[in-house]
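Some labels in a structure description rest on cut-offs. Below, such labels are set against their definitions.

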Amino acid sequence: MKKRFMAISLMVFLLVACDIVPYGAPEMVDRTVGWISSVIDYEFLPISSLSENDPVFYSSLFADSQISKDTPIFVDQSKDAASILEYALKEAFQDKFIDIGTRKAKRHYEPGWNCVLYVGGGTCVIVEPETGRIIQCIDKRIQTAFQVTDDDDFREGFARVSLDLALLSKDELRIYTSFARNIDDPTLPDSFFAEGTTSVNEVFEATKSILYQRYSYGVLSSMGKEWKIYNAKKSNCWLIVSNKIILMLDKDTGEPLLFVTFLNGKCKDLSGRC
């Protein structure tokens with residue numbers, strides 16, 4: 001009986017240990033030379049809770065929309081949802097305008113929301129509730145950043161977006177970080193490596209030392225067996241990717257500009273050889 005108990009205890013310990021650290025320390029895969037980086041990340045943008053002057057509304061997410069902060073356009077909210085959608089989408093997309101969407105137009109507004117949403121199938125007009133100012137417009141058929149998953153009609157106040165992190169500028173990356181599922185850990189250092197560090201091996205070892213040792217136990221312990229390291233030229237970042245994490249570090253300063261985990265299929269590494 002005692003031996004059986006010890007055997008069971010050992011099995012439980014091993015299972016728990018495997019769950020805590022399934023891979024051990026990660027290994028580096030250097031893809032900084034001879035590779036074109038392309039890492040698609042998926043996120044939920046809380047369009048109903050953002051303020052009207054939030055820079056995200058005028059970022060590359062809303063490419064092809066002509067709505068700008070400098071030349072505001074207003075709608076009469078006493079009109080029906082279909083009329084508001086048609087007017088706003090025509091103003092936003094002009095000669096690219098298709099129609100108001102593939103479903104019946106509806107108005108969505110909940111307590112605590114900063115914006116009113118007028119939605120059709122795959123379309124959304126975001127309006128400031130007090131003034132009727134059109135903050136921004138979405139048509140998934142035109143704006144590729146919103147071409148993700150099934151049509152959700154924005155009913156819950158979110159828009160599903162996808163972006164290639166390798167193609168973001170530093171300013172665009174900071175905007176993305178403002179709503180991405182970024183790890184907010186005040187104990188992480190402001191810089192992961194010393195300024196002037198150019199060796200990919202030194203960057204990997206410094207990053208592994210910080211993250212693997214800091215999160216050796218608990219929910220963040222599983223960070224993947226292989227860490228692929230790319231050059232993200234537009235943002236001048238080291239782009240570190242595994243099947244569990246994405247980390248972007250400013251090459252000049254070592255500052256972590258993006259750190260997301262719990263990917264669960266929310267990331268696709270489409271990088272290829274030159």
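Predicted model: local features only at pLDDT ≥ 70, side-chain atom pairs only at ≥ 80, totals over all residues.

Residues are numbered from 1 along each chain as its sequence is written, and side-chain values use heavy atoms, with hydrogens and water left out.

Q: Why is the contact between Asp64 and Lys96 called a salt bridge?
A: A salt bridge requires a side-chain nitrogen of Lys or Arg within 4 Å of a carboxyl oxygen of Asp or Glu. The closest N and O atoms of Asp64 and Lys96 are 2.7 Å apart, so the pair qualifies. By this rule the count comes to ten salt bridges.

Q: What does the pair Asp64 and Lys96 tie together?
A: Asp64 lies in the loop between strand 3 (39–45) and helix 2 (81–93), and Lys96 in the loop between helix 2 and strand 4 (106–108), so the pair links parts that are 32 residues apart in sequence. Helices (H or I, at least four residues) and strands (E, at least two) are DSSP runs, numbered from the N terminus.

Q: Why does Lys96 count as partly exposed?
A: Buried means under 20% relative accessible area, exposed over 50%, and partly exposed in between, with a 1.4 Å probe and protein chains only. Lys96 has 43% relative accessibility, so the middle class applies. Asp64, with 30%, is partly exposed by this rule.

Q: What makes Arg141 and Asp99 a salt bridge, and which parts does the pair tie together?
A: Their closest N and O atoms are 2.9 Å apart, so the distance meets the cut-off. Arg141 lies in the loop between strand 7 (134–139) and strand 8 (159–164), while Asp99 lies in the loop between helix 2 and strand 4, so the pair ties together parts 42 residues apart in sequence.

Q: How far apart in helix 4 are Glu205 and Lys208?
A: These two residues are three residues apart in helix 4 (residues 200–214), separated by about one helical turn.

Q: What makes strand 4 and strand 7 edge strands?
A: The open sheet has the order 4-5-6-7. Strand 4 and strand 7 each have a single partner strand, so one side of each is left without a neighbour in the sheet.

Technical notes. Pairing = 2+ DSSP bridges.
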